[in-house]
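Here is a short tour of one protein model. Keep the structure in view as you read.

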Amino acid sequence: MTELTDITTLLLSRIRDVADYPEPGVMFKDITPLLADPAAFTALTDALAEIAVRAEATKIVGLEARGFILGAPVAVRAGIGFIPVRKAGKLPGATLSQAYDLEYGSAEIEVHAEDLTAADRILVVDDVLATGGTAEASLRLIRRAGAEVAGVAVLMELGFLGGRGRLESALAGAPLEALLKV
């Protein structure tokens, strides 16, 4: 338990609150100080890689854009592949896409169709679970590609926004792990 408390304290100490960003009334959780600290970034990478190994993931899917920053080193540390899930129109070649609703409008994400196979167990990695819209869309996209969902792992879950509840059916029993809960 001491190890978990130590990493929690370290990670929390490197996340900066920015008031009224991107709009008044919002308290933004800035992870750039964590990324700039090699000890904290290494601890985060190791913790997420441990989740990937425990989940028996064969690939990491990182969600644009901070999921790329976190997911790529996690994949390297775990010795598995990394697949970027991008906003629509950013990938060349044949893609699968998944549209999803936002609070005000909609968005679409894509993955290269050939990057995911039926033999894959995919762990989705991102920085924050907020409302869960992008994560839910990524789980649907992974399954449509024929791969298995091994779970979702995030640095931080903003529990008051209800993302965990939104993901429950899309996870279909796969785990959702958050290193920090705010």
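## Ground rules

This is a predicted model: local features need pLDDT of at least 70, side-chain atom pairs count only at pLDDT 80 or more, and totals for chains, interfaces and linings use all residues. Residues are numbered from 1 along each chain as its sequence is written, and side-chain values use heavy atoms, with hydrogens and water left out.

Helices (H or I, at least four residues) and strands (E, at least two) are DSSP runs, numbered from the N terminus.

## The sheet

Seven strands form an open sheet with mixed pairing. Their order is β5-β6-β4-β3-β7-β8-β9. Two strands pair if DSSP finds at least two bridges between them. β5 (95-102) and β9 (176-181) are at the edges with a single partner strand each, so one side of each has no neighbour in the sheet. On average, neighbouring strands are turned by 20 degrees against each other, direction ignored. Axes are lines fitted to C-alpha atoms, for helices over the stretch in contact, and angles run from 0 to 180 degrees between N-to-C directions.

β5 and β6 (residues 105-112) run antiparallel, joined by eight bridges. Leu102 has Gly105 of β6 as its bridge partner. β3 and β4 are parallel, with five bridges. Here Lys59 stands opposite Gly81 in β4.

## An enclosed strand

Is β3 buried or exposed? Five of its five residues are buried, so β3 is largely enclosed by the rest of the structure. Buried means under 20% relative accessible area, exposed over 50%, and partly exposed in between (1.4 Å probe, protein chains only). Lys59, Val61 and Leu63 are buried on one side of β3, Ile60 and Gly62 on the other.

## Helices across the sheet

Helix α4 (residues 66-78) lies across β3, β4, β7 and β8, at about 170 degrees to β4. Contact means heavy atoms within 4.5 Å. Helix α5 lies across β3, β4, β5, β6, β7 and β8, at about 150 degrees to β5.

α5 has 12 residues (133-144) and should span 16 Å at 1.5 Å a residue; its end C-alpha atoms are 17 Å apart, which agrees. The expected span is 1.5 Å times one less than the number of residues. Buried residues of α5 include Gly133, Leu139 and Ile142. Gly146 follows α5, with a positive phi near 95 degrees.

## The largest pocket

The largest pocket holds about 1,200 Å³ of space. Val128, Ala130, Thr131, Leu158 and Leu161 are the closest to its centre among the 33 lining residues. β7 gives the largest share of the lining, four residues.

On a 1 Å grid over the protein atoms alone, a pocket is an open set of points where a 1.4 Å probe fits, with protein on both sides within 12 Å along at least five of seven lines; lining residues have an atom within 4 Å of a point. Grid points are joined across faces, edges and corners, and a volume is the space filled by probe spheres set on the points.
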